[in-house]
Amino acid sequence: MDSSDLQQSSSAYCFIANKDVHCIPINSFNSYSDSFLALDNTKHQRDDADFTPDKLYLKNRNLLYSLNNPSLSDVEFEPNSPTPLHSTLNTANNNTPINGNHNGNNSHSNSTSFPPASDVDLSAIINNYATHAVYFPKLIVNLSENLNNNFQDLKTLLVKIFPTWSNKDEITLKQLTGGITNMLLRCSYKPLQETVLIRVYGHGTNLIIDRHREFISHLILNSIGLAPPIHSRFKNGLIYGYLSGRSLESSELYSPNLYPLIAQQLGNWHNQLDYRLIQNGVEKIRTFSMSLKSKTKRDSISNGSTKKRYKKKFISNIWELIEDWINIVPVNPDLISSFNSNLSHEVTAENLKSIITEEFEWLKENLINSNSPVVSSHCDLLSGNVIIPDDLDIKKPLHSLPTIEKNPIKFIDYEYMLPAPRAFDIANHLAEWQGFDCDRSVIPTPHISNPVLVKWVKGYLNDENADMDKVGSLIEEIATFYGLPGFYWGIWAMIQSELSNIDFDYSKYGKLRLEEYWVWKGHFLK
């Protein structure tokens with residue numbers, strides 16, 4: 001099989017080996033791949049045009065063309081001279097190449113050239129690498145059709161992903177959340193008592209969320225035991241492991257029997273994850289996607305038809321994301337009112353964007369000077385994304401921290417994960433104690449005289465006997481970032497007020513979150 005053959009596959013097999021992400025075309029494998037390749041010819045395989053701006057409903061259609069990502073998060077820059085993806089393949093931990101050959105000594109490197117397709121068996125990779133997923137970049141799940149046909153298309157997909165789910169009639173699907181544009185489904189196979197989840201992306205969310213990064217983050221989290229398995233990614237959704245338990249209510253975030261455990265787990269996340277590994281994986285899957293885009297473009301030219309391709313600015317940290325959001329935030333009365341009420345000069349629709357930019361530059365300059373370490377941050381650790389076991393007795397007093405291995409807390413939903421200062425991720429979580437009602441009185445005061453925050457920080461440090469100077473230093477670091485969550489979610493909510501079909505007053509919520517920022521700024525300036 002030569003390089004031109006490899007480019008024909010629009011699907012990839014993604015897996016983790018030696019902490020590295022690999023994306024290999026499906027048709028590089030000589031077994032177990034035919035059923036995946038068959039999906040290329042199904043009715044679900046649609047052209048990118050199905051997700052271009054004119055196919056999306058928005059309250060303000062003109063807003064779409066000012067967004068940085070007018071079609072979808074997977075749109076790539078067109079490379080000048082694309083090359084097929086022939087990255088080296090890391091070996092398993094026993095230093096055995098995937099084709100089973102040894103070089104006869106222990107001094108060989110940790111990688112080997114990608115072997116010929118005839119030597120490769122996909123099932124061998126499944127056996128060797130616990131973290132793996134099939135990626136179908138063009139496969140679209142139509143929710144309205146599936147609701148009308150008892151999820152027959154999704155059942156077909158599940159049978160392809162899980163060969164042991166051989167009888168479609170034994171697959172049951174239950175809708176957990178959402179409607180036809182935003183849905184979470186629980187999928188079970190009775191004979192094996194196996195359950196997975198299918199999430200289909202919400203309306204418009206691909207305009208502000210990098211789905212490449214979400215996917216790679218999930219893969220790497222699973223590889224170190226911090227997330228359930230992820231089995232497949234398609235163009236508008238994911239299939240991943242079911243995590244038993246329940247999510248918390250916002251009032252439970254500050255339960256004295258729970259918040260030290262949440263703090264300990266967040267500290268573990270920040271210590272275990274390396275954002276550089278995630279970024280490396282993101283670049284690899286972008287490379288694979290770019291090769292597909294280039295092939296599509298070449299085919300269009302050879303067929304005598306071309307169409308405009310949009311380019312996307314990739315976001316690599318929290319500061320770039322907020323800058324991007326400011327560029328696309330709609331001008332609305334609540335946003336203007338928030339800035340007018342808290343600044344001495346008049347804010348109008350004409351100067352709003354420039355004033356928000358100036359405000360953010362001031363905020364960023366002051367926060368960067370705090371030198372809070374940059375970590376892989378969850379960036380959305382609200383109550384719904386914190387999971388506890390069903391049988392955990394939250395009324396039972398927590399006398400001491402468990403070992404991290406026995407910590408029952410799990411975090412889910414990795415859509416907003418980005419490199420960010422650790423103090424932002426902490427402050428952002430603590431701000432979620434207020435819930436969607438925005439009751440700021442329950443947010444813990446960031447001061448060393450506050451025993452709640454002292455205990456929270458000791459949990460984060462995984463040291464109940466931590467030196468008070470160390471505790472106090474981290475509390476000061478966190479306090480510096482107490483205003484950023486309000487600014488961050490305030491701008492986000494204003495964008496959602498134009499994008500989302502959910503029955504929720506995002507504009508009002510955004511104004512309330514921005515007020516959180518203005519209050520912090522007043523204290524900060526004093």
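A: What follows starts with the whole chain, goes through the charged pairs, and ends with a few other local features.

This is a predicted model: local features need pLDDT of at least 70, side-chain atom pairs count only at pLDDT 80 or more, and totals for chains, interfaces and linings use all residues. Residues are numbered from 1 along each chain as its sequence is written, and side-chain values use heavy atoms, with hydrogens and water left out.

First, the setting. The chain holds 17 helices and 15 strands. Both are DSSP runs, numbered from the N terminus: helices are H or I with at least four residues, strands are E with at least two. Of the 526 residues in the chain, 53% are buried. Buried means under 20% relative accessible area, exposed means over 50%, and partly exposed lies in between (1.4 Å probe, protein chains only). Contact means heavy atoms within 4.5 Å. Among contacts between residues at least 6 apart in sequence, 73% join residues at least 24 apart. The accessible surface of the chain is about 23,000 Å², and carbon and sulfur atoms hold 48% of that surface. Accessible areas come from the Shrake-Rupley method with a 1.4 Å probe; for residues, only the protein chains shown count as cover.

Now the pairs. A salt bridge is a side-chain nitrogen of Lys or Arg within 4 Å of a carboxyl oxygen of Asp or Glu. That rule gives 12 salt bridges.

Take Glu359 and Lys521. They form a salt bridge, with the closest N and O atoms 2.6 Å apart. Glu359 sits in helix 12 (residues 352-368) and Lys521 in helix 17, so this pair ties together parts that are 162 residues apart in sequence. Glu359 counts as buried because its relative accessibility is 6%. Lys521 has 14%, so Lys521 counts as buried too.

Stay in helix 17 for another pair. Glu516 and Arg513 meet through their side chains in a salt bridge, 2.8 Å from N to O. The two residues are 3 apart in helix 17, so about one helical turn separates them. Both Glu516 and Arg513 are buried. Elsewhere, salt bridges with shared partners join Asp210, Glu283 and Arg286 into one network.

The side chains of Glu283 and Arg286 form a salt bridge of 3.1 Å, N to O. Both residues lie in helix 9 (residues 275-302), 3 residues apart, or about one turn of the helix. Glu283 has 37% relative accessibility, so Glu283 is partly exposed. Arg286 has 3%, so Arg286 is buried.

Which buried lysine has no salt bridge? Lys155, in helix 6 (residues 152-161). The nearest side chain of opposite charge belongs to Asp169, 6.1 Å away. For charges, Lys and Arg count as positive and Asp and Glu as negative; His and the chain ends are not counted. Setting aside neighbours within four places in sequence, Lys155 is in contact with Asn150, Lys168, Ile171 and Leu173.

The loop between helix 5 (143-148) and helix 6 holds Phe151. Phe151 has a positive phi of about 60°, although Phe151 is not a glycine. With 9% relative accessibility, Phe151 counts as buried. Asn462 also has a positive phi, about 55°, without being a glycine. Asn462 lies in the loop between helix 14 (451-460) and helix 15 (468-480). At 43% relative accessible area, Asn462 is partly exposed.

On the nonpolar side, Phe436, Ile502 and Phe504 form a surface patch, with about 300 Å² of accessible area together. Patches are made of residues with over 30% relative accessible area and no salt bridge; like charges are joined within 9 Å, and nonpolar side chains (Val, Leu, Ile, Met, Phe, Trp, Tyr) within 5 Å. Phe504 is in the loop between helix 16 (484-499) and helix 17 (506-525). Its relative accessibility is 36%, so Phe504 counts as partly exposed.

Last, the cysteines. A search of the whole structure finds 0 disulfides, a disulfide being a pair of cysteine sulfur atoms within 2.5 Å. Cys187 is buried, at 0% relative accessibility. Cys438 is buried as well, at 11%.
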